[in-house]
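Biologist: I have not worked with this structure before. Please show me how to read its features, one at a time.

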Amino acid sequence: MREYNENKETCGTICLKYLLFIFNFFFWLAGGAVMAVGIWTLIEKSDYISLLQSNTYMATAYILVVAGVVVMITGILGCCATFREQRNLLRVYFILLLCIFLLEIIAGILAYIYYQQLSMELKQNLKDTMTQKYRKPGEEGVTNAVDKLQQEFKCCGSHNASDWSDSDWIKSPEASMRKFPDSCCKTPTDLCGRRDHPSNIYKEGGCITKLENFIQEHLKIIGAVGIGIACVQIFGMIFTCCLYRSLKSEPY
């Protein structure tokens with residue numbers, strides 16, 4: 001009877017080991033995906049970060065990158081801990097899982113909070129950022145972001161094209177009598193911003209709504225990835241606890 005119980009316990013431990021190994025494999029892949037989303041945000045979408053007053057959008061991306069790196073390292077550690085059956089390694093693995101879980105929950109919560117605040121921030125600051133910092137020395141990041149924004153989303157100004165009448169640069173001699181930046185033109189050419197006509201300038205609407213929708217969609221991706229991976233980790237922590245209990249204590 002005792003031998004039967006030992007064999008049953010061994011079979012249970014083996015099943016847990018393979019379950020945890022499979023989990024770690026997919027967890028490692030998920031870590032790569034999390035890191036990729038964070039890097040994608042910082043590289044591909046970084047142009048628009050300079051148009052935002054808050055650093056929350058960038059912070060969520062950095063959290064995902066850090067979490068992704070730690071996840072990939074943790075996945076390898078988890079495989080080692082599983083096959084070596086070392087309780088010390090399992091403890092470290094569980095603590096790392098918990099830390100990653102908290103990081104991803106924080107990233108998801110930050111994305112959700114900023115999602116709610118984004119509209120008000122853009123309404124309060126986007127026009128001032130565009131009209132006061134465009135083409136100013138030391139504000140090349142803002143200038144490039146504004147030009148890319150207006151061309152990519154086919155818009156002009158924050159609320160509409162007339163916003164540029166308040167621009168410090170448009171009022172200066174450096175504008176060369178332009179009424180709008182050349183990036184407002186449907187077919188951008190040098191000095192095309194002088195001609196104020198709907199056939200030449202995007203006058204259908206401003207950029208604020210389009211930028212808001214763009215960032216909100218991306219915040220949804222960040223939040224979903226963070227919360228989704230965090231939920232999956234719960235299973236990993238459960239498997240780890242079960243395997244930890246099934247193993248006999250080893251000498252330190």
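This is a predicted model: local features need pLDDT of at least 70, side-chain atom pairs count only at pLDDT 80 or more; totals for chains, interfaces and linings use all residues.

Biologist: Which residues touch the most other members of the largest nonpolar core?

Modeller: In soluble globular proteins, nonpolar side chains tend to be buried together. A nonpolar core is a set of buried Ala, Val, Leu, Ile, Met, Phe, Trp, Tyr and Cys residues joined through side-chain atoms within 4.5 Å. Buried means under 20% relative accessible area, exposed over 50%, and partly exposed in between (1.4 Å probe, protein chains only). Here the largest core has 58 residues, and Leu51, Tyr57, Cys156, Trp164, Leu211 and Ile215 touch the most other members. Elements giving two or more residues to this core include α1 (2–44), α2 (56–84) and α6 (208–246). The largest share, 12 residues, is from α3. Helices (H or I, at least four residues) and strands (E, at least two) are DSSP runs, numbered from the N terminus.

Biologist: What is tryptophan 164 in contact with?

Modeller: Contact means heavy atoms within 4.5 Å. Leaving aside neighbours within four places in sequence, the partners of tryptophan 164 include Met130, Tyr134, Val146, Cys156, Phe180 and Cys184.

Biologist: How many disulfides are there?

Modeller: A disulfide is a covalent bond between the sulfur atoms of two cysteines. The rule used is a pair of cysteine sulfur atoms within 2.5 Å, and the count comes to three. Cysteine 156 is joined to cysteine 184, S to S 2.1 Å. The torsion about their S-S bond is about 85 degrees, so this disulfide is right-handed. Cysteine 156 lies in the loop between α4 and α5 and cysteine 184 in the loop between α5 and α6, so the pair ties together parts that are 28 residues apart in sequence. Cysteine 156 is buried, at 0% relative accessibility, and cysteine 184 is buried at 0%.

Modeller: Cysteine 155 and cysteine 207 form a disulfide with sulfur atoms 2.0 Å apart. Another joins cysteine 185 to cysteine 192, S to S 2.2 Å. With bonded cysteines counted along the chain, the pattern is 1-6, 2-3, 4-5.

Biologist: Where does aspartate 182 lie?

Modeller: Aspartate 182 is in the loop between α5 and α6, and is buried at 15% relative accessible area. Its side chain reaches the backbone nitrogen of glycine 193 at 3.0 Å, and a polar atom of that side chain lies 3.3 Å from the backbone nitrogen of cysteine 192.

Biologist: How many aromatic pairs are there?

Modeller: Rings of Phe, Tyr and Trp (its six-membered ring) pair if their centres lie within 6.5 Å; planes under 30 degrees apart count as stacked, over 60 as edge-to-face and the rest as tilted. The count comes to six aromatic pairs. Phenylalanine 25 and phenylalanine 26 are edge-to-face, 5.4 Å centre to centre with 75 degrees between the planes. The rings of tyrosine 48 and phenylalanine 153 have centres 6.0 Å apart and planes at 45 degrees, so that pair is tilted. Ring pairs link Tyr48, Phe153 and Phe214 into a cluster.

Methods
Residues are numbered from 1 along each chain as its sequence is written. Side-chain values use heavy atoms; hydrogens and water are left out. A polar contact is a pair of N or O atoms within 3.5 Å; within protein, one must be able to donate a hydrogen and the other to accept it, and residues adjacent in sequence count only if both atoms are side-chain atoms.
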